[in-house]
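Hi there,

Here is the structure I promised to pass on. Have a look at it first, and then read my notes below.

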Amino acid sequence: MAADGRAEFVRECHRVTDAARRRPGFQSVGVWVTPAGDAVVTTGAFESEEAFLAAAEVGRKMDATPDGLSDLEVKPREVHFLVSR
């Protein structure tokens, strides 16, 4: 992904985060870029899987393709649900 593509992707991540922030169950989202600038990783914390799925629906309506591959992604997304212990 070219540097301008990464910048666009990061802006899109923040745009979706701003919308998701208003959903019930939202806790936090982080947008991370590797030091070399060759990858962008997002992390999110929600009260439940259902809260995440509701927030993902917001992204879908914004054409942010939270379930698949956007033009800015170089490989399919991987979503992992984790539970703090």
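By salt bridge I mean a side-chain nitrogen of Lys or Arg within 4 Å of a carboxyl oxygen of Asp or Glu. Arg60 is partly exposed too, with a relative accessible area of 33%. Both Arg60 and Glu57 sit in helix H2 (residues 49-61), three residues apart, or about one turn of the helix. Helices (H or I, at least four residues) and strands (E, at least two) are DSSP runs here, numbered from the N terminus.

Before going further, a word on where this comes from: it's a predicted model, so local features need pLDDT of at least 70 and side-chain atom pairs count only at pLDDT 80 or more, while totals for chains, interfaces and linings use all residues. Residues are numbered from 1 along each chain as its sequence is written, and side-chain values use heavy atoms, with hydrogens and water left out.

How many salt bridges does a search of the whole structure find? It turns up three.

Another of them is in helix H1 (residues 3-20), where Arg15 and Glu12 are three residues apart and therefore separated by about one helical turn. Their side chains meet at 2.9 Å, N to O. Arg15 is partly exposed at 38% relative accessibility, and Glu12 is partly exposed at 24%.

Then there's the bridge between Asp18 and Arg21, whose closest N and O atoms are 2.9 Å apart. Asp18 has a relative accessibility of 41%, so it counts as partly exposed. Arg21 is also partly exposed, at 44%.

At 22% relative accessibility, Val31 counts as partly exposed. Which residues does Val31 touch, not counting those up to four places away in sequence? They are Val10, Cys13, His14, Val40, Val41 and Thr42, where contact means heavy atoms within 4.5 Å. Val31 and Arg11 are 20 residues apart in sequence, and their C-alpha atoms are 9.7 Å apart in space.

Cheers

Conventions. Buried < 20%, exposed > 50% of the residue type's maximum accessible area, 1.4 Å probe, protein only.
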